[in-house]
Amino acid sequence: MLIHPMPDPVALHLGPVAIHWYGLMYVLAFALFIALGRVRIKQPHIAALGWKNQDLDDMLFYGMLGVVVGGRLGEVIFYQPHLFATPLEIFKVWQGGMSFHGGFLGVLIAMWFWARKAKRNLLDVYDFIAPMVPLGYAAGRLGNFINAELPGRPVLDPNLPWAMIWPNVDALPRHPSPIYQMLVDGILVFIILWMFARHARPRLAVGAMYTLLYGCARFFTEYFRTPDWETTVLGLPITSGQVLSLPMIVAAIAMLVWSYRRKSYGVAPAHA
């Protein structure tokens, strides 16, 4: 049986400034976005659409705002509404507490603004950035694990080799759910989506496939995570994360059907 190492959430001190591991994971996520984007731009079907490194750099700024603002507001709205009573706590993002679903919506809104500025079709933008997102998500879940956040449910079999005691919770062996989500929702989804996106697909197919893969993966891994809240639907328990993932799954299926029926393909902007 394993014991969570409970590392210091502060990676290093630079004088009075404390640099947190959680913040460094976001830096890693943005660096991965740029690195993968550079590779993606070189793919023939992406290059044909006129994507350039400058586009990637510009989108990163908008994306950072969308992730941080949307992720934090989503966390407060969906999971911690009590923080509205102490507004200054909302801004303490370095302590953890970022909602993926909120960040997802935040990025979509930010990309809408960027698409208007760049005269790009928003669906083309979503198709372009989708394969760069999952590894950034994986980095965020690693940050959650370092912060000893999102503990898993107690395991049914205490002899499970990777069952882990979280000293900040209790003495019960639990699933290391942030690691599950890093591996499944992040790395596995990335591998499948990257392979899917290596070839030209109808407009919105890549974005819809990411939405579907993430929604299904998150719905599955939620079974191992201690829920923020849980309710019952048709006699079956369903967690907050599953409630938020179901609309993603339904919308993704509808988008995929629309994409392959329409069979429209992205185009380069007039100024490319």
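The buried residues of helix H7 pack against helix H1 (21–41), helix H5 (100–118), strand S4 (164–165), helix H8 and helix H9 (205–221). These contacts, like everything described below, are those of a predicted model. H7 is mostly covered, with twelve of its 14 residues buried; the buried positions are Pro 134, Leu 135, Gly 136, Tyr 137, Ala 138, Ala 139, Gly 140, Arg 141, Gly 143, Asn 144, Phe 145 and Ile 146. The length of the helix was also examined: at 1.5 Å a residue, the 14 residues of H7 should span 20 Å, and the end C-alpha atoms of the helix lie 21 Å apart, in agreement with that expectation. After H7 comes Ala 148, a residue with a positive phi, near 60°.

Packed helix pairs can be described by the angle between their axes together with the distance between those axes. For H7 and helix H8 (residues 177–196), the angle is about 170° and the axes are 8 Å apart. Because angles over 145 degrees count as roughly antiparallel, H7 is roughly antiparallel to H8. On the H7 side, the contact is made by Pro 134, Leu 135, Tyr 137, Ala 138, Arg 141, Leu 142, Asn 144 and Phe 145, while the residues contributed by H8 include Pro 178, Gln 181, Met 182, Asp 185 and Phe 190. By class, the contact of H7 with H8 comprises 13 nonpolar, three polar and two charged residues.

Arg 141, which lies in H7 (residues 133–146), is listed by UniProt, in an unreviewed entry, under "binding site". Since buried means under 20% relative accessible area, Arg 141 counts as buried, its relative accessibility being 6%. When its neighbours within four places in sequence are left aside, Arg 141 is in contact with Leu 150, Pro 178, Gln 181, Met 182, Arg 218 and Arg 225. Pro 178, Gln 181 and Met 182 are among the residues through which H8 makes its contact with H7, and Arg 141 is itself one of the H7 residues in that contact.

Not counting residues up to four places away in sequence, Asp 55 touches Gly 50, Trp 114 and Arg 120.

Definitions and conventions: Residues are numbered from 1 along each chain as its sequence is written. This is a predicted model: local features need pLDDT of at least 70, side-chain atom pairs count only at pLDDT 80 or more; totals for chains, interfaces and linings use all residues. Side-chain values use heavy atoms; hydrogens and water are left out. UniProt positions are given in the numbering used here, feature names are shortened, and annotations may be inferred rather than shown by experiment. Helices (H or I, at least four residues) and strands (E, at least two) are DSSP runs, numbered from the N terminus. Buried means under 20% relative accessible area, exposed over 50%, partly exposed in between (1.4 Å probe, protein chains only). Contact means heavy atoms within 4.5 Å. Axes are lines fitted to C-alpha atoms, for helices over the stretch in contact, and angles run from 0 to 180 degrees between N-to-C directions. Angles under 35 degrees count as roughly parallel, over 145 as roughly antiparallel, 65 to 115 as roughly perpendicular and the rest as oblique. Ala, Val, Leu, Ile, Met, Phe, Trp, Tyr, Cys and Pro count as nonpolar, Asp, Glu, Lys and Arg as charged, and the others, Gly among them, as polar. The expected span of a helix is 1.5 Å times one less than its number of residues.
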